[in-house]
Amino acid sequence: MASIDYPLNHPVAHEKEFSFSEWLFSWITTVDHKRLGILYIGSALAFFLIAGVMAAAMRLQLAVPDSHLIAPDTFNRLFTMHGTTMVFFFGMPIVAGMSNFLVPIMVGARDMAFPRLNAFGFWIFLFGGILLYSSYVIGDGLSGAGSAPDVGWFAYAPLTERAFSRGASTDFWTLGILVAGLGSLASAVNVIATCISLRCPGMTLIRMPLFVWLMFVDAFIIIMAIPPLTACQAMLLMDRYLGSHFFDTQAGGSAILWQHFFWIFGHPEVYILVFPAFATVSEIIPVFSRKPIFGRAAMVGATIGIGFISFGVWAHHMFSAGMTSVSNTFFAASSMIIAVPTGVKIFNWTATMYGGRLRLATPMLFCLAFLFQFLIAGLTGVMLAMTPYDWQVTDTYFVVAHFHFVLVGGIAFAVMGGIYYWFPKVFGKMLSEKLGKLHFWLFVVGFNLTFVPMHWLGFWGMPRRTYTYAPGRGWEGLNMMATIGAGIQALSVLVFVWNIVHSLRSGAEAGDDPWDAWTLEWTTSSPPPEYNFEKIPVVRSSRPLWDLKHPQDPDWKYE
Amino acid sequence: MASITTHLPTSADKIQREWKLPDKGTVGILSLIATESALFTIVVVAYIYYIGKNLNGPYPKDVLEYPILASICLFSSSGTIIMAERALHKLEMGRFKLWWGITILLGLEFIGATAKEWYDLITKDHLTVATNMFGTTFYTLVGLHASHVIFGLFFLILVFLLTLKGFPIHTQMRRVLFLSWYWHFVDAVWVVVFTVVYIIGK
């Protein structure tokens, strides 16, 4: 399939006039990787807004002590749904969506390896999300009033057993995630096969853009990490409906096995979620520093290293569960070791900027903030890896601060930077720089105002997942600060949404290559035609577009 | 070797001509097998974790019998499916149908033996998934494997029926190959399940 020449005047589908039903039908039945990518990211952003509103509600409740704005059981449902949605229905579809849209174009292919499997993956993910949210209506069974799951995003068994979690809400959680996990597997298998089998001529593995490398390794982590989750969800369902005893301590079952199985999935999951952020930053920083990435091979090595080590650190989530000191020591050490390849990455991004000609456009601003905030997240991560320290702050707001620095300060920032960077390619319109900078500064201020104080709240003993607190413990000021910060974040997200809507309607035309970048996606038109490339490109280096622009000084001379 | 020629790019034609990548179907089926292995690993770990944690009987040493015949059948079906494939490569359709049919019969014998074993355990020994930890983990692990055998059998029978109907199955050589890999995988898992359930766990 190497070089089929399409006629140059091939009719482009989106130029045709469609009636609404035809348009809808074409989106529902599409197997085009770009459209599926847009669908993934669109639904991810929708879930992001829903879960964001939940977060805002919780912050409002916690703004003042002894607040009765939200009832305790509603609060439990809010933090459960917020966490579950952000991890499984925002983070995961962002992984799938970004790799769907970009991986085939970046490796010079016309589609993913298995387009129909790809469409299956998207729809089953979406139905998983709808299933989870339908619990609000029918969670108590058809006769009841309905309620959402309230067991926390990691739903520790035996608290999820029938005896402690009545009604059907926990089953909505279990099945929704199980089903969405199948979607993640489908898209991961697709990414692996695309990276191995559909690279354009000349694109050896080491010449693949770092974005593709990260998504490639990410897909391997997904196919090895999702099955443990699927298995323990199945065990939970069996316990609840067939009377088996996996997590039933009355019959010899274990109270701790769920924690092990969940975190064997759960910790690699953190890396699954953060890899799209690493991938985005690895593309944006070189382009906006006008320098090739520093230490390409080291970056690839670090990526693979993180992939392997991520499977050996899970029990650092369980130091307080009472393991042996041997396990505690092992998992403390392995968790600190994983900071090494991550540190390599931070150093390489910094070194890429060193001596570069920096362009501080919106995508780059987000990446700079990512570097600072992710560094802090990594440092608190190393603190938490030390067992005795973890015993002090476990289940406090320090942990909440740590993982929000990873997930918001790291991932959300990088992903938003990525959206500013690739939006012109996806829709052919630039996002407004002015609104973008407003969005960025509001988000930086709001984010730090919310989550920096939480470190201190944790030191001072404020437990996570409590719906309110008594006055006079010194928590009032910082909580109010966090709530104000959440308001500013909400405002910035509104600016972001307005920017997208506004730019889609009347943004500046982007052209093929608005950022003067070097990877293959910028060689095709914006938005790319259905077949991506009229002629499958042939590449000789890791920056094929640089070679094309600089025939007198191409990269392949030095690689 | 720093001659000027090393700085010239190879021609695009040459790169294109020499460009060979693995088949995407191969990568896909190997990924599927990898992810299935992870699934089985967790269930096997759960089985091992709960060995000897029963609060009440029946215990494995009292009720489990070695499924010798069934295991021999399943393992030899890996051999017969290879014979069937060889016949298909030589386009000897008669021999293909014969070996493929034997593979299906061996698989059916295995599933039949499992069904018999479960029937006896449930009716005679009163061991169900709710009885004790042994019942819980035994039916989960053996059942997970058996469901994979049934899934494989479904496709084996599908291929067999298509062939009997005269479908040119030799045009689908790759897919037959992938099916046989899946079948080998299911057999290999049985080695682990057999060892864990009937040797270590007994």
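Predicted model: local features only at pLDDT ≥ 70, side-chain atom pairs only at ≥ 80, totals over all residues.
In chain B, helix 2 (residues 24–49) and helix 7 (residues 173–200) have axes that come within 11 Å and cross at roughly 15 degrees. Because angles under 35 degrees count as roughly parallel, helix 2 of chain B is roughly parallel to helix 7 of chain B. The crossing of the two helices is right-handed. Helix 2 of chain B contributes B:G25, B:I29, B:I33, B:E36, B:F40, B:V44, B:Y47 and B:I48 to the contact, and helix 7 of chain B contributes B:R174, B:F178, B:W181, B:Y182, B:F185, B:V189, B:V192, B:V196 and B:V197. Of the residues in this contact, 14 are nonpolar, one is polar and two are charged.

Most peptide bonds are trans, and most residues other than glycine have a negative phi. A cis peptide bond links A:S526 to A:P527, with omega about -10 degrees. A:P527 belongs to the loop between helix 15 (476–506) and helix 16 (544–549) of chain A. In chain B, the bond between B:G57 and B:P58 is also cis, with omega about -5 degrees; B:P58 is located in the loop between helix 2 and helix 3 (60–63) of chain B.

Positive phi values occur at A:A155, near 45 degrees, and at B:L91, near 60 degrees. A:A155 sits in the loop between helix 4 (115–138) and helix 5 (169–197) of chain A, and counts as buried because 23 C-beta neighbours lie inside 10 Å. B:L91 is placed in the loop between helix 4 (68–89) and helix 5 (93–123) of chain B. With 9 C-beta neighbours inside 10 Å, B:L91 is classed as exposed.

Methods. Residues numbered from 1 in each chain as written. Chains lettered and ligands numbered in written order. Axes fitted to C-alpha atoms, helices over the stretch in contact; angles between N-to-C directions. Helix = DSSP H or I, 4+ residues; strand = E, 2+ residues; numbered from the N terminus. Parallel < 35°, antiparallel > 145°, perpendicular 65-115°, else oblique. Left-handed = near helix turned anticlockwise from the far one by under 90°. Contact = placed C-beta atoms within 7 Å. Nonpolar A, V, L, I, M, F, W, Y, C, P; charged D, E, K, R; others polar. Buried ≥ 20, exposed ≤ 12 C-beta atoms within 10 Å, placed from the backbone.
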